[in-house]
Amino acid sequence: RKCLDDLVREADFETVRRVGLTKDSDLSFESARQSLQDAWAFACRILVEGGVNAPEALFFALPDNERPGSIEDLCLQAPAFPNILVCAHEMYRCVETAAVPYNVDETKAVAGAYLSMMKNSGLQLGTGAGAGCWNLDSAAFGPLRQFVKAVAFGTQTNP
């Protein structure tokens, strides 16, 4: 929300026609959508106070705009190297059996383990995408691709 508030205060923001907002759904898709809408409503008040018309806003709650989860859940559905993903899952199961004194988020841990096993270790989700670690042509990314097209070209509206 803070980042969005700062963004709409930029001098040239009045030239923006469409905004796409995303957020992990984590445990609740509905809560994530509501959080995005609330943040945008607050940002719109800032725009109106500044005499600027608010652009159209589209919202996408990851992983697929329908169910709870995260961007890691989405990425794990489309590994470019499925055999390495098997190893990452095995690594997580091994850690899970160790008596670690803290909670480990499985999807984040598996995604991190998967990326750490790549030729260029130290990759994050985004740099991993750029390095070809995720199959971005996978059907799993279809809803997100449609969302990006809608933001870029105005081809669809939010349900």
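This is a predicted model: local features need pLDDT of at least 70, side-chain atom pairs count only at pLDDT 80 or more; totals for chains, interfaces and linings use all residues.
## Overall architecture

Along its principal axes, the C-alpha trace of the protein chain spans about 55 × 35 × 30 Å. The protein chain has 159 residues, of which 38% are buried, and its accessible surface comes to about 9,600 Å², with 54% of that area belonging to carbon and sulfur atoms. Among contacts in the protein chain with a separation of 6 or more, 67% are between residues 24 or more positions apart.

Within H4, the residues Leu85, Ala88 and Tyr92 are buried. They lie on the same side of H4, because the arc they cover around the axis is only 55 degrees.

The other side of H4 carries Asn83, Cys94 and Thr97, which are exposed. The cover over the buried residues of H4 includes helix H3 (71–76) and helix H5 (106–116).

## The nonpolar cores

The largest nonpolar core has 26 residues, and the members that touch the most other members are Tyr114, Leu115, Trp134, Phe141 and Leu144. Two or more residues of this core come from each of strand E2 (56–62), H3, H4, H5 and helix H7 (142–153), and H5 provides the largest share, five residues.

Leaving aside residues up to four places away in sequence, Tyr114 touches Pro79, Ala80, Phe81, Ile84, Leu85, Ala88, Cys133 and Trp134; of these, Leu85 and Ala88 are buried residues of H4.

Cys133 is placed in the loop between helix H6 (125–130) and H7, and it counts as buried because its relative accessibility is 2%, under the 20% cut-off. Apart from residues up to four places away in sequence, Cys133 touches Pro79, Ala80, Phe81, Tyr114, Leu115, Met118, Leu123 and Gly128. By contrast, the C-alpha atoms of Cys133 and Phe29, which are 104 residues apart along the chain, are separated by 26 Å.

## Cysteines and disulfides

A disulfide is a covalent bond between the sulfur atoms of two cysteines. A search of the whole structure finds zero disulfides. For Cys3, the closest cysteine sulfur is that of Cys44, at 15 Å, which is too far for a bond, given a cut-off of 2.5 Å between the sulfur atoms. Cys87 is likewise in no disulfide, and the nearest cysteine sulfur, that of Cys94, is 12 Å away.

These two cysteines also fall into separate accessibility classes: Cys3 counts as exposed because its relative accessibility is 62%, whereas Cys87, at 38% relative accessibility, counts as partly exposed.

Conventions: Residues are numbered from 1 along each chain as its sequence is written. Side-chain values use heavy atoms; hydrogens and water are left out. Buried means under 20% relative accessible area, exposed over 50%, partly exposed in between (1.4 Å probe, protein chains only). Helices (H or I, at least four residues) and strands (E, at least two) are DSSP runs, numbered from the N terminus. The arc is that of the directions from the helix axis to the C-beta atoms. Contact means heavy atoms within 4.5 Å. A nonpolar core is a set of buried Ala, Val, Leu, Ile, Met, Phe, Trp, Tyr and Cys residues joined through side-chain atoms within 4.5 Å. Accessible areas come from the Shrake-Rupley method with a 1.4 Å probe; for residues, only the protein chains shown count as cover.
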